[in-house]
Amino acid sequence: MSDGRRAGSLAPARTAWSRPAALKWPAPPAAPPRLGTPGAMAPARRLPEWLAAIRVRHLVVLAALIAYPFVVPPFFTFQIGGQTLTLGLIALSLTFLAGYGGIVSLAQMTVAGIAGYVYAMLGSSGTPLSSGWPWWVAALLAIPAATLAATLIGWLSVRTEGIYTIMITLAVGMAFYFLVHQNYSIFNGFTGFQAVRAPEAFGVHWRDPLPFYFLALACAFGGYLLVKYIARAPFGIALQGTRDNPRRMAALGFNVKAHRIAAYALAGLLAAVGGLLLVWYNALVSPGSVDTKALINVLIIAVLGGFAHPIGPFIGAAIFVLLQNFAIDLIDRDRFNLVIGGMFLLIVLFSPDGLLGWWTRLRRRFETADARSDPRGGR
Amino acid sequence: MARAWRWLWIVLAVAAVLAFAVWQIPQNPGKFVFSLLNGATLAGIYFLLASGFTLVFGLMRNVNLAHGSMYLLGAYIGWVVWDRTDVWLLGVAAGFLSMAVLGLLLQIAVFRWMQGEDMRQTMVTIGLSIVLADIMLWVFGGLAYQLDPPRLISTSVPIPVVGGYSTYKLILLAVAIAVGVLLWFFLARTRIGMMIRAGVDDRGMLQASGTNVQLVFALTFAVGAGLAGLAGVLNGGEEAFKPGEDVGVLLGALLVVIVGGMGSVVGAAVGSALIGVIQAFGLAYAPTYSIVFTFVAMAAVLAFRPQGILGAKA
């Protein structure tokens with residue numbers, strides 16, 4: 001009976017009196033649904049599988065994202081668009097860990113913050129502690145450093161399972177916050193690094209709204225594709241196996257811990273890129289960037305969107321950023337945390353699989369209705 | 001082999017502590033003893049916090065990340081009552097009782113409906129902590145508050161080497177020890193305590209044998225939350241509390257239970273002693289790196305004994 005819990009999957013333990021699991025983790029993605037019947041899809045020249053998986057809606061969304069900055073004012077390009085994509089990328093790292101690995105880590109913002117701190121310490125900023133190295137050296141060192149940190153966090157926390165992970169990663173994240181807050185000789189304490197300079201390369205200032213938006217879009221899109229690819233690659237399949245039944249995977253000869261640590265490392269890479277973007281976006285990195293609120297905001301974004309699909313964190317980030325910018329018009333300026341916390345509570349209480357889960361349920365209802373009316377019995 | 005290595009590490013750690021003591025005591029004995037006393041009193045506060053946290057987790061698998069918020073809310077409510085009535089003991093009682101009632105309500109109204117879904121419960125507590133923190137900031141503002149305990153206990157007692165030490169802090173330590181003893185008595189000698197221990201071992205079996213587990217759960221949550229409130233209001237008499245305190249306190253509780261072992265009250269005592277002393281010495285001797293020491297302690301425990309010093313095998 002205790003197996004469900006022992007299994008270490010975050011899927012809730014099904015004890016005798018528990019209601020059916022509500023916080024579901026996604027099933028391994030099924031093969032992409034084909035349009036029409038298989039016969040109609042077998043033309044003389046076969047499209048590669050990845051091309052055949054592209055749907056019209058994917059192209060529409062991509063086109064809309066590319067057209068977006070040309071139709072809205074710069075504020076929407078930078079503050080809304082750029083921030084959404086950046087936060088979405090960081091939250092994507094959590095979605096990957098939680099959705100495919102069953103690991104809920106609260107230290108993803110810490111990893112992003114480490115990338116930001118390393119970049120600020122090595123690159124150039126308004127703080128004398130910065131080394132003033134060229135931006136690309138700083139960036140090229142920041143990403144591996146943060147990825148390494150993520151791997152170490154993973155190494156530390158895979159020793160325990162399930163619900164313990166959230167505590168250990170939270171403790172790691174908080175400890176990093178208190179370290180940068182207390183320490184002035186390396187991290188410049190409370191002030192952190194101000195006026196961190198974003199790169200000016202190829203004649204473009206990358207903190208201008210349009211370039212930053214497209215840079216963030218490219219990184220986010222790359223991260224999205226990477227997660228989609230990994231999910232179907234052997235490593236991703238094995239990782240999902242360790243999520244669903246680690247003991248069976250171990251019995252089959254898979255090294256469960258190694259898979260989990262690798263998942264931490266990969267998620268760390270995504271978070272590191274996001275963290276680098278975030279430090280360019282904010283032009284500063286300070287203890288406030290990695291405090292508990294920031295750590296939990298990543299969780300809120302991921303949960304709002306839903307863990308079931310890598311698009312979830314971006315939807316969550318869009319809602320989060322819009323609320324952050326416009327909730328203050330609706331209510332008191334200082335009560336943003338109340339709104340976002342309340343919304344998070346509502347989602348967790350009533351739709352634990354996020355907005356995506358809500359959407360899936362809605363679609364399933366329509367699909368079953370279609371299936372009933374369709375004489376061929378649907379797909 | 002592995003055992004030999006473990007002993008080697010333990011011996012090394014003890015040797016390092018002894019070397020530190022031999023090096024520091026002749027230089028400044030006052031500072032050393034003072035840090036030791038501070039560590040002990042800090043451990044007392046941590047024990048009050050962590051014992052409730054660990055009890056709730058052990059029984060219900062509910063990681064209550066709103067525990068820090070309950071600490072702070074208990075302190076605020078205790079302050080309000082003390083401010084109105086001017087009776088310090090009433091404030092302390094209010095801090096404990098208000099949080100106990102809140103815990104009871106939460107368990108009855110929210111957590112019992114998601115029994116077994118530990119991840120979801122944890123997320124609910126995270127949401128609660130955000131909402132509670134913002135409401136407290138709204139109502140009480142960013143100012144620091146402090147309770148003034150009666151004059152009788154807010155003096156200092158003479159202690160050799162150090163000179164004097166705050167009576168209040170010593171009383172705080174005594175209260176923590178008393179609570180520990182009471183908790184031990186409650187768990188080991190009473191019928192309800194027996195049920196709680198049985199539930200920690202096997203919830204399903206406890207329910208199958210005819211116990212009203214929901215009652216036991218609600219009671220445990222009330223005691224755990226109440227202890228958090230008590231810790232808040234008691235510490236509020238020693239140092240001022242302000243928004244953001246909840247986070248630091250939660251980190252302390254987390255470290256203590258990770259080090260001591262989740263679900264074990266004795267583990268909470270050992271963990272708080274360790275973390276409290278390490279933190280006090282860190283703050284005294286290397287203030288800008290003090291968090292590193294506690295963190296290293298946690299990492300070391302996780303590396304050698306992932307379930308915590310006294311935790312059952314996960």
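## Interface between chains B and A

In this predicted model, chain B and chain A bury about 4700 Å² between them. Carbon and sulfur atoms give 74% of that area. The contact draws 52 residues from chain B and 52 residues from chain A.

Several helices of chain B each supply at least two residues to the side that touches chain A. They are H2 (29–60), H5 (118–140), H8 (203–208), H10 (245–260) and H12 (290–304). H5(B) gives the most, with 15 residues. By residue class, the chain B side divides into 36 nonpolar, 9 polar and 7 charged.

Polar pairing across the interface can be counted as well. There are 3 residue pairs in polar contact between chain B and chain A, with both residues at pLDDT 80 or more. The salt-bridge count between the two chains is 0.

## Fold of chain B

Chain B has 12 helices and 2 strands.

Buried residues make up 53% of the 314 residues in chain B. Among contacts between residues at least 6 apart in sequence, 76% join residues at least 24 apart. Chain B exposes about 13400 Å², and carbon and sulfur atoms supply 73% of that surface.

## Thr220(B) inside helix H9

Thr220(B) sits in helix H9 of chain B, which covers residues 213–235. Is Thr220(B) buried or exposed? Its relative accessibility is 1%, so Thr220(B) counts as buried.

The side chain of Thr220(B) reaches the backbone oxygen of Val216(B) at 2.7 Å. Beyond residues up to four places away in sequence, Thr220(B) touches Leu55(B), Val56(B), Leu59(B), Met60(B) and Ile196(B). Among these partners, Leu55(B), Val56(B), Leu59(B) and Met60(B) belong to helix H2 (29–60) of chain B.

## Two positive phi angles

Ala283(A) is not a glycine, yet its phi is positive, about 60°. Ala283(A) lies in the loop between helix H11 (256–282) and helix H12 (292–305) of chain A. Ala283(A) counts as buried because its relative accessibility is 15%, and the cut-off for buried is under 20%.

Asp86(B) is the other case described here. Its phi is positive at about 65°, and Asp86(B) is not a glycine either. Asp86(B) is placed in the loop between helix H3 (67–85) and helix H4 (88–109) of chain B. With a relative accessible area of 62%, Asp86(B) is exposed, since exposed means over 50%.

## The salt bridge in chain A

How many salt bridges are there over all chains? The count comes to 1. The side chains of Arg243(A) and Asp244(A) meet in a salt bridge, at 2.8 Å from N to O. Side chains of opposite charge can pair when their charged atoms come close.

The two partners can be set side by side for burial. Arg243(A) is buried, with a relative accessible area of 3%. Asp244(A) counts as partly exposed, at 45% relative accessibility. That value falls between the cut-offs of 20% and 50%, so Asp244(A) is neither buried nor exposed.

Conventions
Residues numbered from 1 in each chain as written. Chains lettered and ligands numbered in written order. Predicted model: local features only at pLDDT ≥ 70, side-chain atom pairs only at ≥ 80, totals over all residues. Heavy atoms only, no water. Helix = DSSP H or I, 4+ residues; strand = E, 2+ residues; numbered from the N terminus. Buried < 20%, exposed > 50% of the residue type's maximum accessible area, 1.4 Å probe, protein only. Contact = heavy atoms within 4.5 Å. Areas by Shrake-Rupley, 256 points an atom, 1.4 Å probe, with all protein chains shown as cover. Buried area = accessible area lost by both parts, 1.4 Å probe. Salt bridge = Lys/Arg side-chain N within 4 Å of Asp/Glu carboxyl O. Polar contact = N/O pair within 3.5 Å; in protein donor to acceptor, adjacent residues only side chain to side chain. Nonpolar A, V, L, I, M, F, W, Y, C, P; charged D, E, K, R; others polar.
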